[in-house]
Amino acid sequence: LCCLLDLFRSLFQRVKTMAAVLLRRLLSSSFEEIYPGLTVDMQMAIKTELVTSIQTEASPNIRKKVADIAAELCRNLLDDDGNNQWPELLKFLFDSVNSDNVGLREAALHIFWNFPGIFGNQQQHYMEVIKRMLVQCMQDQENPQIRTLAARAAASFVLSNEGNTALLKHFSDLLPGILQAVNESCYQGDDSVLKSLVEIADTAPKYLRPNLEATLQLSLKLCADTTLTNMQRQLALEVIVTLSETAAAMLRKHTAIVASSVPQMLAMMVDLEEDEDWSMADELEDDDFDSNAVAGESALDRMACGLGGKMVLPMIKQHIMTMLQNPDWKYRHAGLMALSAIGEGCHQQMEAILNEIVSFLLLFCQDPHPRVRYAACNAIGQMATDFAPTFQKKFHDKVISALLQTMEDQTNPRVQAHAAAALINFTEDCPKSLLIPYLDSLVQHLHVIMVAKLQELIQKGTKLVLEQVVTSIASVADTAEEKFVPYYDLFMPSLKHIVENAVQKELRLLRGKTIECISLIGLAVGKDKFMPDASAVMQLLLKTQTDFNDLEDDDPQISYMISAWARMCKILGKEFQQYLPVVMGPLMKTASIKPEVALLDTQDMENMSEDDGWEFVNLGDQQSFGIKTAGLEEKATACQMLVCYAKELKEGFVEYTEQVVKLMVPLLKFYFHDDILFMGSMPLLLECARVRGPDYLTQMWHFMCDALIKAIGTEPDSDVLSEIMHSFAKCIELMGEGCLNNEHFEELGGILKGKLEEHFKNQELRQAKRQDEDYDEGMEETLQDEDENDVYILTKVSDILHSVFSSYKEQVLPWFEQLLQLIVQLVCPSRPWADRQWGLCIFDDVVEHCSPSSFKYAELFLRAMALSLCDTSPEVRQAAAYGVGVMAQYGGENYRPFCTEALPTLLGVIQSPDSKVKENVNATENCISAVGKVMRFRPECANVNEILPHWLSWLPLNEDKEEAVHTFDFLCDLIESNNPIVLGPDNANLPKIFQIIAEGVANESVKSEDACSKRLANVIRQVQGSGGLWTQCVAMLNETQQKAIQDLLNTA
């Protein structure tokens, strides 16, 4: 530190600059290790030196860097209570802003821009002073750089106080000055204030509301001005697009400006270069994200998603139709790319006119210009994804025909390849039954192209089309499954030949895709067909695997290999275990990739953002969290494959469970990828470890348990959180009683309480948003999506409580009482139906697993349960009916009056005219099952003889398989005890009983592993020996039912 300060005094500019940069980085990364250990005199000397340097430095560049250091030091000297321990800097700030020296005014504004929280807990006290300072500087007519810096500082201050509504309102009259500075600075070649405006649109959009019209008009003007740079125009458009995402309801009120922005985006999309070699290119370059065409397309996509199709489609439809009729290919290309871009956001509205769109779109597969044909393929592929499976069901004949025809375009390989890519999109989501009739034609075309392109590869070295066709073959096989068997021998020799011979570096992607294709075909056709080739394929893979250490980290073969091994594991089953020693090393290496992360200030970020693969999250106060995403895709794939091995091989994977657990558990703290399936790996790994005995299993669980509980408490992403909660619940079920100690229970109780409180708080916030002046139906859709997310987390809270109750029974009730009032709140009649459903489910579990002690809470939920039996929501009725069933079965004597009281209501629900319609059937089946449980376990509560004939007429249950087993169990009891009402006089009801059993087996309501299946089979066998009665019973069954009876006799 002292050395750097000494270097500061150097006469050499470069030495001073480097010292300033290093000193700022040192304070940023190692403040706690260095500064507090200095003497008070030394600390004061550093502060004085920094202020003196700002005052005396002649070079504006170095003065700015010293101001950065001062801001960084001040940021670190603000204590937890908001006390600024460098008050002299505040005085310097005020003095400098009022100074005649422009350099000092710049430095003061720069410090405030860099650290707008500099006033700490004195901010409210200085509010008017801050405002005056910014207004005064934004009105400095002589110094445009002061106006620009003041606008940036004002924006920075607004952003750092984004949650303070009163402050934003108080500072709203600074916005016209910021907008003026945006306009001025853009024409001076400086887009820094415009970037600040984008940040405000992203983080504090409500700040713009009083001047939204002016903000949008300015953004539109700058976007349309072709004298500005592409980047400036794109940033101006970004203001509007960002607002469509962060303040959609606010923006929807400004229809005219939104409508005017659409032609600007489309005009950007027309900004394409002529390129004679385009259609023959054999290497695909990544999209140039700085280009106007890509920026315009992305903006259109985001705006359609943000504002919704109801607003956007009418604005854009006519523009697209006009563009598609333009003689200039660039307009037709842009029109088709626009069609691709808006599909997701305008889904509902486009679906209604899909016939019209597709008929028109397919014409462009024949367009004279190759890039337009390419764009048509792009639109087909995108729509096949966005509108699946409707798109496939409605247009399979036209689309497959058009794509196969386009794939024959030998003179334009790039178009050929894109048609093959669109075919992949189409087949991925195509129902198998629709694809089968086209299989011969598809296979024939793909084989012809593959053979031709293999020759081209050998003769010319071109590979682009072959790469795509190989993936198309894989996709067709994946959808066709066993129907692909007849074509297996047509492709496998060529595919194996490619893997054997395509060893050059430029063919790595082709080889990887071919490996993927072979493994997908193997999985599709099944073990029997694949086995003769399995050994040869395994040897090829093993050879690649042996060379794995020689592969470069960015070799595309790695991720294909990893996935292929997992598919081979699925095909070979237990036989795959022998290959684990070869496979696991490289797989663990890839799964262990540690992403590069960094905490950066804005200047560092600007220097790094050009580097490939960095993504940033703004943390406020000019700081960002950066992560280098290279390798994360592979890491996620590898983690998924480890889960696949654990799932397929179970105890065969036990040798590796410990190292996989040590790898996976830390990932709970660091969510790094969209694919979260591996989060569910913990119960699978415990299953694998079981074979080593209870001590080993417990040891492994202890390593997981703390991390899982902590992750439930801290994970911010709801998708990841729900997966972790689900995984934790499964682990408790698997480990059983004793798996949680007192500390675990204490921490878990606090976390679950927090989740429930957050659930109620979020509902209140959504209700408040419904009172917002910008509230509209678009916002309502967003709020409903948020609500669904919240409810999903509530279901996971219920899952965890279920696993705890089922493992610990009554002894866990004292712990549960901290949550009791919150669960009672869920079942209040005024709550939304999903709250009541899940609240009742939790009380159902309390009754089922914690009775008879559960009765002490009965007064808190019995009334709600009784009312819920007739609820308008079928989900609530289902939860209540299930509750009556478990009370009869497990509740004990205390619940007898309630069972008696509930029975007539259950019968009424079952007998209501609409009880069997689709949305009601699950609730009705739970009512039927509950009636059965009351008759079976609490016969004193029912007139059994009167109800039984009705109950029998309601069987079998077809939807709720779990409850169906209960009803069949009771039916077996009744038959085995020769119940006269069930059997009827002279066994007259037996044909009806046969039908019930046959239907149950045919619908898989009864499976061979269910205990009652053996009992049902015995009933049938007894009748089988009685000659005439057997004939009579079988005669009543249709062919499917007869087969079901035979299957039951064969398996049970």
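Helices here are DSSP runs of H or I, at least four residues each, numbered from the N terminus. Keep that numbering in mind for the first stop, D386, which sits in helix α21. The model is predicted.

**Whole protein**

Start with everything shown. The protein has 52 helices and 3 strands. Its C-alpha atoms fill a box of roughly 115 × 80 × 60 Å along the principal axes. Colour by burial next: of the 1052 residues, 56% count as buried.

For charges, select the 89 positive and 149 negative ones. Their mean positions are 1 Å apart.

**Stop 1: D386 and the end of α21**

Select D386 in helix α21. Is D386 buried or exposed? It counts as buried, because its relative accessibility is 16% and the cut-off for buried is under 20%. Show its partners: D386 touches S340, G343, E344 and H347, leaving aside residues up to four places away in sequence. For a distance check, pick Y645. D386 and Y645 are 259 residues apart in sequence and 32 Å apart in space, C-alpha to C-alpha.

Step on to P389. This proline is in the loop between α21 (370–386) and α22 (390–406). Most peptide bonds are trans.

**Stop 2**

Jump to P852, in the loop between α41 (833–850) and α42 (858–868). Which form does the peptide bond from S851 to P852 take? It is cis, with omega near 10 degrees.

**Stop 2: I515 in α28**

Select I515. The residue lies in helix α28, residues 508–525. I515 is buried, with a relative accessible area of 2%. What does I515 touch, not counting residues up to four places away in sequence? The list is V499, L541, Y560, M561 and A564. Then draw a line from I515 to Q1022. The two are 507 residues apart in sequence, and their C-alpha atoms are 56 Å apart in space.

**Stop 4**

Most residues other than glycine have a negative phi.

Select K809 first. Its phi is positive, about 55 degrees, although K809 is not a glycine. K809 is placed in the loop between α39 (777–808) and α40 (813–826). With a relative accessible area of 38%, K809 is partly exposed.

Then select N987. N987 is not a glycine either, yet has a positive phi of about 55 degrees. Its loop runs between α48 (980–983) and α49 (990–1002). N987 is partly exposed, at a relative accessible area of 29%.

**Stop 3**

Centre on D275. Where is D275 in the chain? It lies in the loop between α15 (255–269) and α16 (292–307). D275 counts as partly exposed, because its relative accessibility is 40% and that class spans the range between the cut-offs of 20% and 50%.

Notes: Residues are numbered from 1 along each chain as its sequence is written. This is a predicted model: local features need pLDDT of at least 70, side-chain atom pairs count only at pLDDT 80 or more; totals for chains, interfaces and linings use all residues. Side-chain values use heavy atoms; hydrogens and water are left out. Helices (H or I, at least four residues) and strands (E, at least two) are DSSP runs, numbered from the N terminus. Buried means under 20% relative accessible area, exposed over 50%, partly exposed in between (1.4 Å probe, protein chains only). Lys and Arg count as positive and Asp and Glu as negative; His and the chain ends are not counted. The place of a charge is taken as NZ of Lys, CZ of Arg, CG of Asp or CD of Glu. Contact means heavy atoms within 4.5 Å.
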